[in-house]
Amino acid sequence: MVGRISTAEIYRTSISSVADAQQLLNRTQEQLGTGRAILQPSDDPVASAQIQGLRTDLERLEVLQINTNRADSTLAFEDQALAGTEIVLNRARELALQANSAVLRPEDRATIATEIDGLLQQLLSLGNTQSADGEFIFAGFESKETPFVLNTGTPDTVTYEGDSGVRELNIAPGITLPINTPGNAIFFAAPGNGDYEVKANVANTGTGVVGRTTANATFDDTQDYQLNFIQLAPDDPITWEVVDAGGAGAVIASGTYAEGDPIAFGGAEVFVNGTPANGDSFDVLSTNTGAPPSRTQSAFEVLIELRDALLRSAESGATLAQSDTVINQSIQSLDQNLAQISLIRTDVGVRLNRVEDQANLNEAFNIQLERTLGELEGLDYAEAISELELQLVALQAAQQTFVKTTGLTLFNFL
């Protein structure tokens, strides 16, 4: 029995061959156009799953790299502000040392006070530094609010309107980094020598001036003291006593005053110059009493006290002595503020290095992911072009076959 092939079957088979060849050609052309070997998941399900995972990792890495860039920018602003703060406070310290001289005239001290006031304004500007996106970098979580506000009065004060919030950014999987330091952790430090500060009683009538102060490890900085001077008769020697100001007023040390000699008590030494009058006293305010007012002092307050003391020193006698005590204590307080700034700046430098290292790691990881992704879905152009040429030949053959096959009739054999 001889089988028969219908004309419809011939057409269907020929058209199918042409369509198949055209589909393969189109796919190769799309691969060449996109540069990808895998155009849809069905082409290679396993590789497609790996590609999707790699793309997810790349998207996550892009977010992390944005975070590292933001962290680097914010920390760089902070470091610049801290560098400026160090310059301002060092200049204020130089001026305080310059003012701490008996040869200066009142107008000279007034001139120095004017420069100190200018430094105060600079310090306020630095404390209110804003980042590239307009946020106050020293305000904690209150980054939209001006952190340091000058309140004019007698005396002027500076209030901190921010909070203690520390903002963090995720710069790598499982790694977060603080990108700010709140202003109250930067611009506030223990006053005086760090263990205690000495303040002259405003009622003093003598010329006693407290200069350098020291404290060793045995000093009890959890209580306050008072240094009193006694001279009952003009011919009597001047004596001193230190009492426990926070307790029953018990005398813990006493002696005869000699100008320039240390007054030692409980691990502390206070050096006094000049001639204290009978009844003159100095408060020794320790830093860790835990009692109000807070025993930390902002760098702004130090500059305000220094400026005002220089202006008051236009007067003489007891008022001048009180101002000199403030100037001496300001020098030590500025040392404490500078030490605090140095610690914070070191920490910021460490964080900047971590951000830079992580940014480099993220970039290296990104390159590796891109390379792996390229290997999975990248197209071998030489192979694809060869395949395209073969498919063009196959398509032409199918088309010619279709023409010849569909043109066959019985009339060809008559």
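At what angle do helix 3 (residues 106-127) and helix 4 (residues 299-312) pack? The angle is about 165°, and the two axes lie 8 Å apart. Axes here are lines fitted to C-alpha atoms, for helices over the stretch in contact, with angles running from 0 to 180 degrees between N-to-C directions. Helix 3 and helix 4 are therefore roughly antiparallel to each other, a label for angles over 145 degrees.

A word on the model: it is predicted, so local features need pLDDT of at least 70 and side-chain atom pairs count only at pLDDT 80 or more, while totals for chains, interfaces and linings use all residues. Residues are numbered from 1 along each chain as its sequence is written, and side-chain values use heavy atoms, leaving out hydrogens and water.

**The chain as a whole**

The protein chain has six helices and 14 strands; these are DSSP runs numbered from the N terminus, with helices (H or I) of at least four residues and strands (E) of at least two. Of its 414 residues, 40% count as buried, meaning under 20% relative accessible area with a 1.4 Å probe, protein chains only. Among contacts (heavy atoms within 4.5 Å) with a separation of 6 or more, 68% are between residues 24 or more positions apart.

**The helix pair and the core**

Back to helix 3 and helix 4: their crossing is left-handed, which is the case if the near helix is turned anticlockwise from the far one by less than a right angle. On the helix 3 side the contact includes I116, L120, L123 and L124, and on the helix 4 side it includes F300, L303 and L310. The residues of this contact divide into 15 nonpolar, no polar and three charged. Nonpolar covers Ala, Val, Leu, Ile, Met, Phe, Trp, Tyr, Cys and Pro; Asp, Glu, Lys and Arg are charged, and the others, Gly among them, are polar.

The largest nonpolar core has 46 residues, and I116, L123, F300, L303 and L310 have the most contacts inside it. Such a core is a set of buried Ala, Val, Leu, Ile, Met, Phe, Trp, Tyr and Cys residues joined through side-chain atoms within 4.5 Å. Helix 2 (45-99) gives the largest share of this core, ten residues. Beyond its neighbours within four places in sequence, F300 is in contact with L120, L123, L124, F148, V158 and F187. Another core, of 20 residues, lies apart from the largest one and includes L227, F229, F265 and V272.

L82 lies in helix 2, A253 in strand 10 (residues 251-256), and P147 in the loop between helix 3 and strand 1.

| Residue | Relative accessible area | C-alpha separation |
|---|---|---|
| L82 | 0% | 10.0 Å to L123 |
| A253 | 14% | 8.9 Å to I263 |
| P147 | 0% | 9.3 Å to T129 |

Not counting residues up to four places away in sequence, L82 touches F138, I186, I341, I344, R345 and V348.

**A cis peptide bond**

One more detail to look for: T154 and P155 are joined by a cis peptide bond, with omega about 0°. P155 sits in the loop between strand 1 (148-151) and strand 2.

Notes: Parallel < 35°, antiparallel > 145°, perpendicular 65-115°, else oblique. Buried < 20%, exposed > 50% of the residue type's maximum accessible area, 1.4 Å probe, protein only.
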